[in-house]
Amino acid sequence: MKAAVLGNAGVEIRDLDKPVPKPNEVLIRVRASTLNRADLIVASGHRHGAVGGAGARIGLECAGEIETVGSEVVGLKPGDRVMATAPGGIAEYAVTDFARVHSIPANNMTYEQASCFPVALGTMHNAIVTAGRLTRGETLLMQGASAGVG
């Protein structure tokens, strides 16, 4: 399969083995992926969390169809249209933990649209709901936000 990988002279398209999902993972046939700020950090040679350095796969999120599910996966099956945070998502196939996978709504959302949601919505939810503890009836003023979350 083809995948975007950080080489010694920048990002390259390489032929890699198709990933095999672990029991808690799904294999996604990628139809669309995004390029976000974290990907640019890795592509410039810096680390983003555990990802970085020569050989690092580029891409943090994608959308496509599930091709294979691991033995512990529940609620998802081959053929499902999904969006996910998936390391190495700028590739023909990506593998990720099934908890990071969400069904694409059946309202004509394209793969391109769906691929833009997982990271931004996860960050927004964490900031506003989990960490911010915003509750019904409260008001939020967001200043200076940028990128997908903004």
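**A guided reading**

Guide: Glu72 touches Pro23, Asn24 and Phe98, leaving aside residues up to four places away in sequence; contact here means heavy atoms within 4.5 Å. This is a predicted model, in which local features need pLDDT of at least 70 and side-chain atom pairs count only at pLDDT 80 or more, while totals for chains, interfaces and linings use all residues. Residues are numbered from 1 along each chain as its sequence is written, and side-chain values use heavy atoms, with hydrogens and water left out.

Visitor: Where is Glu72 found?

Guide: Glu72 is in the loop between β4 and β5 (81-85). The C-alpha atoms of Glu72 and Glu25 are separated by 7.9 Å, although the two residues are 47 apart along the chain.

Visitor: What makes a stretch of the chain a helix or a strand?

Guide: Both are DSSP runs, numbered from the N terminus: helices are H or I with at least four residues, and strands are E with at least two. The chain has three helices and seven strands. From the N terminus on, the order is β-β-β-α-β-β-β-β-α-α.

Visitor: Why is Glu25 called buried?

Guide: Buried means under 20% relative accessible area, exposed over 50%, and partly exposed in between (1.4 Å probe, protein chains only). Glu25 has a relative accessible area of 14%, so Glu25 counts as buried. Glu25 is found in strand β3 (residues 25-33). Not counting residues up to four places away in sequence, Glu25 touches several residues, including Val69, Val95 and Phe98. The C-alpha atoms of Glu25 and Val82, 57 residues apart along the chain, are separated by 13 Å.

Visitor: Is Ala54 buried or exposed?

Guide: Ala54 has a relative accessible area of 59%, and is therefore exposed. Ala54 lies in the loop between α1 (37-43) and β4 (61-69). Leu6 and Asn8 are touched by Ala54, residues up to four places away in sequence not being counted. Between the C-alpha atoms of Ala54 and Asp97, 43 residues apart along the chain, the separation is 24 Å.

Visitor: What is noted about the phi of Arg133?

Guide: The phi of Arg133 is near 55°, a positive value in a residue other than glycine. Most residues other than glycine have a negative phi. Arg133 is in the segment after α3 (118-131), and its relative accessible area of 64% makes Arg133 exposed.

Visitor: How do you know that the radius of gyration of the chain agrees with that of a compact globule?

Guide: The radius is taken over C-alpha atoms, and the globule rule is 2.2 Å times the number of residues to the power 0.38. With 150 residues, a compact globule would have a radius near 15 Å; the chain has 16 Å, and therefore agrees. The C-alpha atoms fill a box of roughly 50 × 35 × 30 Å, taken along the principal axes. Of the 150 residues, 37% count as buried.
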